[in-house]
Amino acid sequence: MSEMKKIKNLKEFSTSADRFEGANLLCPGCAHSIIVREVLNATNDDLVLSASTGCLEVCTAVYPYTSWDASWIHIGFENGSTAVAGAEAMYNALRNKGRLKQPDRNPKFISFAGDGASYDIGFQWISGCMERGHNMMHVVLDNEVYANTGGQRSSSTPIGSSSTTAPAGRVSYGEKKNKKDMVSIMASHGIPYSAQVAPNKWKDMVKKIQHGFSVDGPVFINAVSPCTTEWKFDPKDTMMLSDLSTDSLVFPLYEIIDGHELNITYRPKNVVPVEEYLAAQGRFKHLFKDQYKYLIKEWQERVDAKWAYLNRREEARV
Amino acid sequence: MAFDKMELRDIEVWDGNFAAAQALRQCQIDVVAAYPITPSTPIVEGYAKFLADGYIEGEFVMVESEHAAMSGCIGAAAAGGRVATATSSQGFALMVETLYQASGMRLPIVLNVVNRALAAPLNVNGDHSDMYLGRDSGWIQFDAYCPQNAYDLNFIAFKVSEDHDVRLPAMVHQDGFMTSHTAQGVNTLTDDEAYGFVGDFKPMNDMLDFEHPVTHGVQTEEDWHFEHKARQHNDLMTKVMPKIQAAFDDFEKLSGRKYNIVESYDMADADVAVICMGTSVETAREVATEMRAKGIKAGVVGLRVIRPFPFFQIAEALKGVKAIATLDRSSPNGAPGMLFNEIAGALYNTGDRALLSGYVYGLGGRDLTKAHLVSLYNELQANVDAGKVTTPLQQFIGVRGPKLSFL
């Protein structure tokens with residue numbers, strides 16, 4: 001059994017040995033690199049990592065360079081989760097056969113993928129991994145858009161945002177569909193742990209990641225990843241956007257244990273109106289025209305209803 | 001966790017699927033990730049039963065699609081161990097993306113492909129459409145003509161694929177139903193002989209070696225992509241054939257069964273030759289013998305290795321032949337046919353260019369009968385006598401309705 005890494009403060013956390021190097025091609029202000037470091041720094045154990053095709057992958061493994069000082073694999077857009085599942089199966093096989101080169105290690109198996117690679121094209125592969133019970137963690141870097149290819153809508157793209165394939169225009173307010181609820185869907189597989197995290201709430205994140213590492217079986221993590229390029233905000237404001245996302249409750253932080261027991265893990269002292277979250281991003285700019293202001297009201301109602309639902313779930317202890 | 005060895009009789013009555021499943025068991029695979037599809041399903045069913053009965057120690061992961069099967073195989077192979085799976089037809093088609101990824105990442109994996117037609121129209125029977133779909137994927141492709149071959153070629157495939165000078169994945173093809181579901185006598189190896197032949201897996205760039213972290217599956221654009229692809233192709237063309245030959249030689253020493261990169265039958269003095277793959281090779285051999293009794297010097301050439309294409313070995317095998325028929329068991333869909341094209345390419349720069357005619361046959365499990373081959377040999381002899389191709393350049397064997405030849 002591996003020892004849980006003890007982290008007292010942010011300074012100690014940020015000075016952990018990096019197995020994901022700062023030398024990468026991600027945009028300045030990209031939350032992906034922050035989330036990845038927070039996940040990896042939560043453990044000192046060895047890592048077997050994958051990235052599905054997307055921003056993280058194309059920005060960290062361009063031959064002949066790599067940003068990864070850990071075992072890492074990329075196969076394709078949809079199958080990063082299954083790559084790690086295959087590696088985990090091999091680990092089990094070699095352990096049973098006594099052929100591990102370092103049998104005393106306790107590696108962690110983690111697949112990273114964007115919302116496109118998780119909510120859309122990789123959905124089936126992740127579902128398969130969760131259902132089969134691999135000892136692995138799937139982390140969604142959820143920036144609510146196909147950012148790597150220039151900002152096309154995914155099934156994580158929220159109502160009213162403007163993306164290149166669901167743009168706002170003379171007769172359209174952009175995205176018409178509500179975001180898919182992946183945390184619930186994955187929890188419904190009966191997996192031991194699923195949770196939503198945000199990079200600004202690093203203590204909450206580390207706690208959840210470490211909980212995920214401690215359980216036996218598949219873990220699903222959805223991480224909000226504010227995208228300076230596609231959400232259209234200044235690169236210096238990534239953490240501010242992340243704060244707005246959690247404090248407006250657009251991204252409530254919670255966990256679901258064993259597929260049913262829901263705990264809210266962060267309750268903002270001062271809940272920020274959703275309007276402030278929307279106003280901070282260029283992708284929602286058009287919603288502030290008179291004819292679309294009703295959508296902002298609907299946004300608030302939807303967020304309130306989801307928050308009330310989460311509270312009821314938590315209280316019910318079911 | 002331990003596993004039991006299995007006592008086999010010297011000759012077992014197995015179909016091609018069970019022969020392949022037995023070979024996988026004997027190779028002591030570390031990870032099989034698989035998804036069932038007709039007609040290859042009994043391979044994974046057989047393997048699952050071996051596991052349930054305690055004859056297998058490795059991991060068996062039944063995934064949710066063929067794409068995931070090969071994705072899991074790639075992850076497992078990169079982690080560093082022996083990996084195999086099986087599929088057919090639509091499943092193979094779904095896998096195609098990952099086939100290129102497996103070979104591009106230089107990962108040894110053995111894939112048993114039980115050949116079946118591709119929809120539409122949906123069809124579960126044998127033809128070579130799936131085999132042809134894989135021919136540019138960078139895999140080594142072996143072709144079995146019978147259950148014995150399906151058994152033996154699995155051992156060869158692991159030995160070649162896992163060689164550190166090769167590190168390319170390999171397919172073992174067998175004909176759906178005709179081989180996969182037809183029981184024949186199969187000469188067996190003992191478990192120890194079989195495992196001794198393939199040997200222990202030797203990892204390379206394995207993700208589970210935490211002292212040497214590796215990055216698998218990088219991005220290369222116009223600056224490096226071409227070099228990677230060209231080197232992979234060059235390795236496939238130059239390094240693989242000698243390894244296959246060495247494996248065939250070693251296997252002959254072990255089993256007494258001799259395999260050749262190109263299988264030639266009655267070719268020494270042949271005037272007319274049929275070149276084909278799969279079970280048809282055996283039918284053609286029988287007919288060639290009968291044609292010789294009628295005074296036609298008939299021969300048969302079978303491809304044992306489809307990729308890398310045995311360019312020089314084919315030219316050598318066909319030396320001095322006057323008329324050749326290529327038998328393609330896949331709709332060319334807009335070309336003369338894979339075998340026609342490859343054979344034409346192999347012979348074009350040789351001194352004695354034979355008369356070449358193409359035949360498309362057996363789609364969706366349509367039988368190729370001895371009578372078909374008799375008239376085909378007669379057509380080839382007519383070509384020899386006339387000094388030119390007397391038939392359309394492309395013909396369909398046994399298809400009803402109007403003649404559909406376009407050449």
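This is a predicted model: local features need pLDDT of at least 70, side-chain atom pairs count only at pLDDT 80 or more; totals for chains, interfaces and linings use all residues.

Reader: Which residue just after α4(B) takes a positive phi?

Author: B:Arg106 does, at about 55°. Helices (H or I, at least four residues) and strands (E, at least two) are DSSP runs, numbered from the N terminus. Residues are numbered from 1 along each chain as its sequence is written, and chains are lettered from A and ligands numbered from 1 in the order in which they are written. Chain B averages a pLDDT of 97.

Reader: Where does α4(B) bend?

Author: The bend at a residue is the angle between axes fitted to the seven residues ending there and the seven starting there. In α4(B), residues 89-104, the angle is about 55° at B:Val96.

Reader: Which residues of α4(B) are buried?

Author: A buried residue has 20 or more other C-beta atoms within 10 Å of its own, C-beta atoms being placed from the backbone. An α-helix has 3.6 residues a turn, so residues three or four places apart point the same way. The buried residues include B:Phe92, B:Met95, B:Leu99 and B:Ala102. Among the elements covering the buried residues of α4(B) are β4 (83-87) and α8 (225-238) of chain B.

Reader: How do β2(A) and β9(B) run?

Author: Strands pair if DSSP finds at least two bridges between them. Here two bridges join β2(A) to β9(B), and the strands run parallel. A:Trp72 stands opposite B:Thr215.

Note on methods. A residue is buried if 20 or more other C-beta atoms lie within 10 Å of its own, exposed if 12 or fewer, and partly exposed in between; C-beta atoms are placed from the backbone. Two residues are in contact if their C-beta atoms, placed from the backbone, lie within 7 Å. pLDDT is the predictor's confidence in each residue, from 0 to 100.
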